[in-house]
Every structure is written in structure tokens, then in C-alpha cells.
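I am keeping these entries while I look through one structure. I begin with the ligand and then turn to a sheet.

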Amino acid sequence: MALINENFLKLKAGYLFPEIGRRVRAYKQQNPDKKVISLGIGDVTQPLAPAVVEAMKAASDEMGKIETFHGYDDGGTGYEFLRKAIQHGDFQSRGVEIGLDEIFVSDGAKCDTGNLQEIFGIDNVIAVTDPVYPVYVDTNVMAGRTGDADEKGRYGKIVYMPCTAENNFTPVLPKEKVDIVYLCFPNNPTGTVATKEDLKKWVDFARETKAIILFDAAYEAFITDASIPHSIYEIEGAKEVAIEFRSYSKTAGFTGVRCAYTVVPKELIGYTKDGKAVDVNPIWNRRQSTKFNGVSYITQRAAAAIYTPQGQKQIKDIIAIYMNNAKTICKELAALGYTVYGGVNAPYIWMKTPKGVSSWEFFDKLLNGVQLVGTPGAGFGASGEGYFRLTAFGKPEDVKEALARFAKLKV
Ligand code: MLT
């Protein structure tokens with residue numbers, strides 16, 4: 001008799017975005033003549049930068065010749081040409097030294113943020129912001145690190161740090177003992193950023209309590225304010241306590257290409273139950289080399305092209321299109337009387353739903369009333385109730401049309 005992992009039975013309904021997709025498909029089936037505009041899942045719409053496409057073509061040609069063919073990448077952690085480009089382009093350029101053997105190239109930050117928890121003990125108490133990117137929570141549920149969900153969808157044994165308009169969407173240090181803290185800045189879904197002082201507070205907390213921070217910086221390329229750190233390693237001491245996730249999905253339109261990386265510093269220490277210090281970097285390396293065989297050569301060449309001067313200019317131009325969308329959405333929704341947050345240093349707009357309308361009710365009203373799709377705040381956690389997320393990743397003409405439809409919405 002094959003027993004299943006019963007932790008999966010604790011998960012609430014479907015994963016958020018497929019669940020939204022299911023509802024939208026059902027609506028379209030019943031209303032085939034209606035054009036639905038999606039500002040729901042944060043999926044990009046602009047084509048790849050020309051420098052990236054050129055690099056992919058050239059890499060494909062190399063793969064077709066015996067002299068330049070490539071098999072497995074060395075150890076599956078990324079070709080040196082890409083890790084060197086990352087080391088220089090993302091870190092040295094901001095005054096941060098990261099070793100090549102601290103960089104692990106992968107096929108996505110979703111996979112990395114989901115997989116990383118498995119190198120940590122099952123008894124760790126995890127802390128997450130609420131609302132939160134659901135992957136952090138669901139993967140810990142699957143692993144058995146949580147209790148059951150209550151009626152609001154909060155799982156036992158997880159420490160939730162509510163982030164609402166009342167506290168400027170800024171998590172407060174937990175009073176309880178926690179071992180692993182997930183932070184995401186610029187934040188998905190609220191669009192909030194963390195200042196150097198905010199991050200220093202977390203780094204100091206982790207150093208004092210021997211906790212580890214899992215820092216998701218997937219949206220750092222959208223920061224417009226020069227004083228906001230792009231990496232947690234800009235904070236002194238962070239390499240002792242933090243793992244950082246980066247992604248090319250939104251930065252360079254790689255949602256359909258798949259490439260990302262994770263930094264696990266050599267200074268980072270975890271502990272055995274009897275208190276012995278253990279280096280985390282070789283454990284992640286061991287995990288990856290056992291379960292992962294790396295990202296394709298063609299994709300890694302494409303990623304490296306982002307760091308060339310042309311690549312940088314081209315991706316910045318694309319990001320500017322999205323950030324212009326964000327600005328327009330914030331401005332026009334505010335003019336319609338909505339309360340909006342985010343959208344300045346992040347590609348997400350976090351808006352309040354009209355008084356007395358829950359986030360899923362608002363979802364239904366938008367879909368059924370004006371054929372618009374967003375993401376209900378409650379899908380990101382109990383404290384997301386009463387909020388709604390829009391992405392800035394739509395095509396500008398769709399964003400324009402979406403805003404015209406918002407103006408017609410009756411709530
Ligand atoms: C989102 O919409 O939150 C993201 O697209 C999800 C993801 O990156 O996995």
C-alpha cells in the first residue's frame with residue numbers, strides 16, 4: 001500500500017495562480033465573445049531584449065558544432081562565464097564581494113525558494129510576512145513543518161508578521177523564537193521596499209538569535225529610489241545570516257526562458273540539534289548536485305548577455321515600460337477614488353478594495369462586470385483580505401483599456 005505524504009492534504013485549495021486561471025477559463029467558456037484583460041499573475045508581456053535573442057542564436061549555433069558543443073555544466077551550479085558576470089554586474093558594482101562558489105545558477109527563484117527549506121530541520125519555526133508569496137508557506141506545509149490551517153488559512157506553527165496599511169506594510173521583528181525568516185523586498189505582493197535601516201534590523205536580529213534570513217530579491221531591478229538596497233549583502237554582517245534569491249524572470253523577461261540564481265555565502269552557519277556549527281554552502285551544493293543538473297548552455301548565454309552594455313540598456317528600457325504602466329495605474333486608480341500602494345519601486349500595485357467588498361468578491365465583480373483579472377489579496381494571506389493586487393506587466397494598450405474599464409466598474 002503506497003502511503004502519500006499527508007502534509008499535502010493540509011494545503012488550502014489549489015495554488016493561487018492556477019486557481020485564478022481555472023476561474024478565468026470557466027468565465028471565458030461561458031462568455032466566448034468577451035475579451036478578458038489580465039493584470040493578475042505577474043507574467044511579462046514584452047519580448048526578450050535583442051542582445052538576449054542574439055546570444056541564444058549564437059549559443060544554439062555553438063551547440064550544433066563538434067568543436068563548440070557543451071554537455072553538462074560543471075557541477076550544475078552554472079557556467080563560470082555567467083557566475084563571473086553575476087559576481088561583477090550584480091555585486092561588485094554595488095561594493096559587495098561574492099565568491100563564484102557562492103553563486104548557484106538555477107531555473108527559477110520559485111524553485112529555489114521552494115527547495116531551499118529542505119536543507120533545514122523539520123523543527124525550525126519559520127516566520128513569514130502576511131500577505132506573502134504563497135510558495136514560502138506551501139512548501140513548508142508540504143515538508144511537514146507546520147500544523148493545520150485555521151479558518152483564515154493560517155497554518156499552525158508558522159509565525160505570521162502582518163503587513164497592512166496600519167504599519168506601512170513593514171514587518172515587525174517577531175517576539176516569538178523563530179529560526180528561519182522569509183523576507184521579500186521589493187515586496188510581492190505589496191510593492192513595499194526595505195531601507196538599509198530596515199534590513200540592518202533584520203540582520204542584527206538574525207545574528208543575535210542565530211536565525212537565517214531567506215531574502216527574495218526577485219524584483220530588485222524595479223527599484224527606482226537610489227537609497228534603497230538591491231541586495232541584503234549591502235548590509236554589514238548579512239553574509240553570516242542570509243541567503244539571497246535573484247531571478248531573470250521579471251528583470252529580463254525570462255518567465256518562459258527560466259533562469260535565476262541563489263547566493264549561499266560561505267560564512268553562513270546552521271546548527272545541529274546539539275549545537276554544532278555547520279556550513280550551509282556545501283549542503284546546498286550537495287543538494288543541488290544530487291537533484292539538479294543545471295540550466296541549459298543556451299539559456300545561460302542568454303542570461304550572461306543581460307550584463308553586457310547593450311543588454312543592460314535594453315532591459316532597462318523594457319523595465320521602464322512596466323514602471324510607466326505602474327505609474328499610470330496608480331495615478332488613474334487614485335483619481336477614481338481608490339487607495340493604492342506600491343508601484344513606485346516595484347511592479348505590483350496593492351490597492352484597497354471598496355469598503356465592505358472582500359478581495360474575492362472584488363475579483364468576481366471585476367471579472368464578471370468588466371472582464372478584468374487581478375489577484376485577490378486574501379490569496380496571499382489573511383492580512384491580504386481587503387486588498388487586491390494588480391501587476392504592471394501588461395501591454396501598455398491593455399493597461400490603458402483596463403483603466404477605462406475600471407472607470408466603468410460599478411461596486
Ligand atoms: C506572481 O504573480 O506573484 C508571480 O508571477 C509568481 C511567480 O513569480 O511565481
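Where does the ligand lie, and which domains give residues to the shell around it? I found that domain 1 (9-47 + 310-408) and domain 2 (52-307) both contribute to that shell, so the ligand lies between them; the bounds come from an automatic or database domain assignment.

I noted that this is a predicted model, in which local features need pLDDT of at least 70 and side-chain atom pairs count only at pLDDT 80 or more, while totals for chains, interfaces and linings use all residues. Residues are numbered from 1 along each chain as its sequence is written, and side-chain values use heavy atoms, with hydrogens and water left out.

Next I listed the residues around the ligand, among them Phe17, Ile41, Tyr133 and Tyr348, where a residue counts if one of its heavy atoms lies within 4 Å. By class, I read 5 nonpolar, 2 polar and 3 charged residues in the shell, with Tyr counted as nonpolar and Gly as polar.

Finally I traced an open sheet of 7 strands with mixed pairing, in the order E2-E8-E7-E6-E5-E3-E4, where strands are DSSP runs of at least two residues and two of them pair if DSSP finds at least two bridges. Strand E3 (residues 126-130) pairs with E4 in the parallel sense over 4 bridges, and Val128 stands opposite Tyr160 in E4.
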